[in-house]
Amino acid sequence: MVHLAVALEGAGWHPAAWREPDARPDELFRPRYWADLVLEAEHGLLDFVTIEDSLGAPRDGRTDRVDGRLDAVLIAARVAPLTRHIGFLPTAIATHTEPFHLSKAIATLDYVSTGRGGVRVRIASSADDAAHFGRREFPVPLPDLAEEAGDWVEVVRRLWDSWEDDAEIRDTATGRFIDRDKLHYIDFTGRFFSVKGPSITPRPPQGQPPVAVLSHVTEIHRLAARSADLVFLTPQDTDEARALGQEVRGLRADLLVFGDVVVFLDETEQAARDRKARLDDLAEFTSDALVFTGTPAQLADQLLAWRDAGLSGFRLRPGALPHDLSAITRGLVPELQQRGAFRREYEATTLRGLLGLERPANRYAGATR
Amino acid sequence: MKQIHLAAHFPGVNNTTVWSDPEAGSHIEFSSFTHLARTAERAKFDFFFLAEGLRLREHAGKIYDLDVVGRPDTFTVLAALAAVTDRLGLTGTINSTFNEPYEVARQFASLDHLSEGRAGWNVVTSWDAFTGENFRRGGYLPEEQRYQRAKLFLQTAFELFDSWGADDIAADKASGVFLRNARAGAFEHHDAQFDIAGRFNVPRGPQGRPVILQAGDSDEGREFAAATADAIFTRHGTLEAGQKFYADVKRRLPAYGREPHQLLVLPAATFVLGDTDAEAEELANVVRYQQVSGQTAIKFLEQVWNRDLSGYDPEGPLPEVEPAVGAEAVAKGRAQTRMYRDPVATVRQWRELAEAKNLSIRDLVVEVSGRQTFVGSPETVAEAINTYVQEDASDGFILVPHVTPGGLDPFADKVVPLLQERGVFRADYSGTTLREHLGIDR
């Protein structure tokens, strides 16, 4: 079985996607738009959606592209109560945010979705983004940013564990609401910051919501191996899928390894190519990930070859929304189901469950402080 | 007749909440938040209100365990509540000390979009290094700078909200013009606290800016609210005290070019209802003693005495020892302790009070910390609330039920219809945004 996710971004990943006939560019900042997309993904039994985010914006003066975005964690929280099965991995920026705030935000996302929250952690290396905070000098070398992001995840994870699962006792006999011996200071001290703890939010339903990282280079592979449950990679072909998968699994064997692919899907290969060409005429499109144009059956062939090369799943980036999302849920998914490679119904109630991850023990359980 | 504004506070981590009540539910499961919000919306309330805490409270070096402990993230819960309500305003406390304006502005602008115009922000300040230990910048702010930072924080956030015009997005497929204004979001801000520039990346929300709430009892707090807030809330005392506060804050508005209706006074209030006034009084007495257990009473005194009083009997007389002045505070992370800046004087007053009324330790704590503002039959409570509003002691109330999440249900079912009958509270929403509910300008 493969795992399947979609990466939601504006009107789609192609910068001209918003001009497609079925695009809804005037609704990109309305909750109904996001709810419709995620409900469609859930209809297709996908494992989770990721939601892109950034604390910056291009300052290039262009007016022909989608501009502006909403906070990804809040989009996820807004949509989660409307869904029952699908997981949410909104993007959080480790570089400029407080791990204390994000730890409770993702824990709360896990509560409002009853166990389907997670987070995709991103580094912001641009000086433009840093100027929005004005606290420090940029650029900062990538190894330092990666180390900081690793510390950030470490703090977030310790805070999730800073309450044991059974800390709330409501013991009327002694008048105690909690057993404070089951709450723990995390006392994190690193090169970049220190955080005391414990969290103000009790341990989330999944214990540890899944953490994901997108990686293109060795420093980030190492960050993923240190910090994540899931890594998104961008192989261009089957050989590279195998090599990249081996490289990160060499750093940590049990990491879930997903391949990212931008998809333009139509009933014929020619139609998909023509559609992408039409969009390319309106705006230039480059991508870090493989750009696939073709039919759902052709994509299924490709994905299964990558699975056989060692990938655990795929995060598909729809070129244009909603077209390529519906092509995934209504074309690719049945195709994979027919080949016995994808679920026919949701088999678990939590995101960790869907991903085949156990609920982890609390690192502090049994420790006395 | 003035129209009453009502809001519902999801009770937080203080001893108002009776967690031992058999009806008490979770303080963290989303179903509890949904229940209270839906009750408030069914009753046509203006908004839901969520407080925030950024460090668990401590007492004598240990996490305080006698009240509710733990709460969710403000923004995340409010965004999720937008999915299960349609009209109710969604307001929450966000600290201006341990956040950055760029991030908070984009969260509020996002919440305003995701709730289609229902976001509100209670701006609070903090100064203590104790809370600062949870944040990457560590440390804290000298107390005298906290209002300065709050003012500059809010000013900066307003600049960011205003950096997009309402019509900056064209999204015109045919011409290929997405953005009408190439400079949408451009900002530059330099002051004593913030030195930032670039592009704000969230388009203008339906309300332009979220509604701004402030809690203010101090002179500085009142002035800050008069300058910037849409609503001010406070703790609630007698009718006369309320009228004095009301007149005072409204009097400050002209200096900022604002009119009295532009700042609503909304005190927090608790309530206990009974079929008759006598029954309600009896019930209120039970609730007060549920809120203040013997252990809670001793801990409460320890905050003021600033020393270990665990050897004292809560049912006995007040301790004869004097408070330890100047020692490191026993209680940390509590705003409450700031109310007793002169512990020696406080203790003297309490001793006189206890003597005059023959009060035990627990009785005294119930007396000085009790919060039942409105006690009586639904008719009595409706009448009292209306009197406070019509006689200019407030513009309405933020109600704090003492049982989670069902504590507001009897108010919604029994008191709201009486206010509606009197024509002083809406029978249905006439607008869709929080600003419209509050009758304040966009």
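Mentor: Helices (H or I, at least four residues) and strands (E, at least two) are DSSP runs, numbered from the N terminus. This is a predicted model: local features need pLDDT of at least 70, side-chain atom pairs count only at pLDDT 80 or more, and totals for chains, interfaces and linings use all residues. Residues are numbered from 1 along each chain as its sequence is written, chains are lettered from A and ligands numbered from 1 in the order in which they are written, and side-chain values use heavy atoms, leaving out hydrogens and water.

Trainee: How many cavities of 30 Å³ or more does a search find?

Mentor: A cavity is a set of 1 Å grid points, over the protein atoms alone, where a 1.4 Å probe fits but cannot get out. Points join across faces, edges and corners; volume is the space filled by probe spheres set on them. Here the whole structure holds 5 such cavities.

Trainee: Which residues lie nearest its centre?

Mentor: Lining residues have an atom within 4 Å of a point. The largest cavity has 22 of them, with A:Asp71, A:Val73, A:Leu102, B:Glu103 and B:Gln107 nearest the centre. Helices H2 (72-79) and H3 (99-112) and strand S3 (87-93) of chain A each give two or more, as do helices H2 (74-84) and H3 (101-114) of chain B.

Trainee: Which element gives the most?

Mentor: H3(A), with 4 residues.

Trainee: What is the second largest cavity's volume?

Mentor: About 70 Å³. Its lining includes B:Phe10, B:His27, B:Leu50 and B:Arg71.

Key. On a 1 Å grid over the protein atoms alone, a cavity is a set of points where a 1.4 Å probe fits but cannot get out, and a pocket is an open set with protein on both sides within 12 Å along at least five of seven lines; lining residues have an atom within 4 Å of a point.
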